[in-house]
Amino acid sequence: MIQGLGPEAHDALSQFLQPYDQDQFQGLFQQAFIDPAMQTFEQQTMPAIQQRFGDANAGSSSALNQALGQSAADLSTMLGTQMGQFYQGEQSNRMNALGMF
């Protein structure tokens, strides 16, 4: 037991130091980042791309499919980057909190 910590604080610290529950981390990331990004993509980005191609009478072109595919790939890359940054930030926060003891 760390000197100066009561039993409740010690239990909280021990729980804090446990490895992440991957399902819990994924669920938090899903709710905080993926769901809002997908909603924006489906409700704004895709219709905007489709509208531009529709205005150019190219609503069923392979270029439209390529543009939609590329925008989905860009979204996936962006979310992957955010997940890495989110995880790294959480690890950094844990390490910084440990420095307080």
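Student: Which residues form one aromatic cluster?

Tutor: Good place to begin! In this predicted model, the cluster is made up of F25, F29, F33, F86 and Y87. The structure holds five aromatic pairs.

Student: Why is the pair of F25 and Y87 called edge-to-face?

Tutor: Set the values against the cut-offs. Ring centres must lie within 6.5 Å to pair, and planes over 60 degrees apart count as edge-to-face. For F25 and Y87 the centres are 5.4 Å apart and the planes stand at 90°, so the pair is edge-to-face.

Student: What makes F25 and Y87 a pair that ties together parts apart in sequence?

Tutor: Look at where each residue sits. F25 belongs to helix 2 (residues 22-55) and Y87 to helix 3 (residues 62-98), so their pair links parts that are 62 residues apart in sequence.

Student: And how do you know whether F25 is buried or exposed?

Tutor: Buried means under 20% relative accessible area, exposed means over 50%, and partly exposed is in between. F25 has 6% relative accessibility, so F25 counts as buried. Y87 has 36%, so Y87 counts as partly exposed.

Student: Why does F86 count as buried, and what does F33 count as?

Tutor: F86 has a relative accessibility of 17%, so F86 counts as buried. F33 has 25%, so F33 counts as partly exposed.

Student: Which residues are buried in helix 2?

Tutor: In helix 2, the buried residues are F25, F29, I34, A37, F41, I49 and F53. Here is a handy idea for reading such a list: an α-helix has 3.6 residues a turn, so residues three or four places apart point the same way.

Student: Where does helix 2 bend?

Tutor: The bend is at Q30 and comes to about 45°. Helix 2 is followed by N57, whose phi is positive, near 55°.

Student: What makes the order of elements in the protein α-α-α?

Tutor: The protein has three helices and zero strands, and read from the N terminus on, its elements run α-α-α.

Student: How much of the protein counts as buried?

Tutor: Of its 101 residues, 18% count as buried.

Note on methods:
Residues numbered from 1 in each chain as written. Predicted model: local features only at pLDDT ≥ 70, side-chain atom pairs only at ≥ 80, totals over all residues. Heavy atoms only, no water. Phe/Tyr/Trp six-rings, centres within 6.5 Å; stacked < 30°, edge-to-face > 60°. Helix = DSSP H or I, 4+ residues; strand = E, 2+ residues; numbered from the N terminus. Buried < 20%, exposed > 50% of the residue type's maximum accessible area, 1.4 Å probe, protein only. Bend = angle between axes of the 7 residues up to and from the residue.
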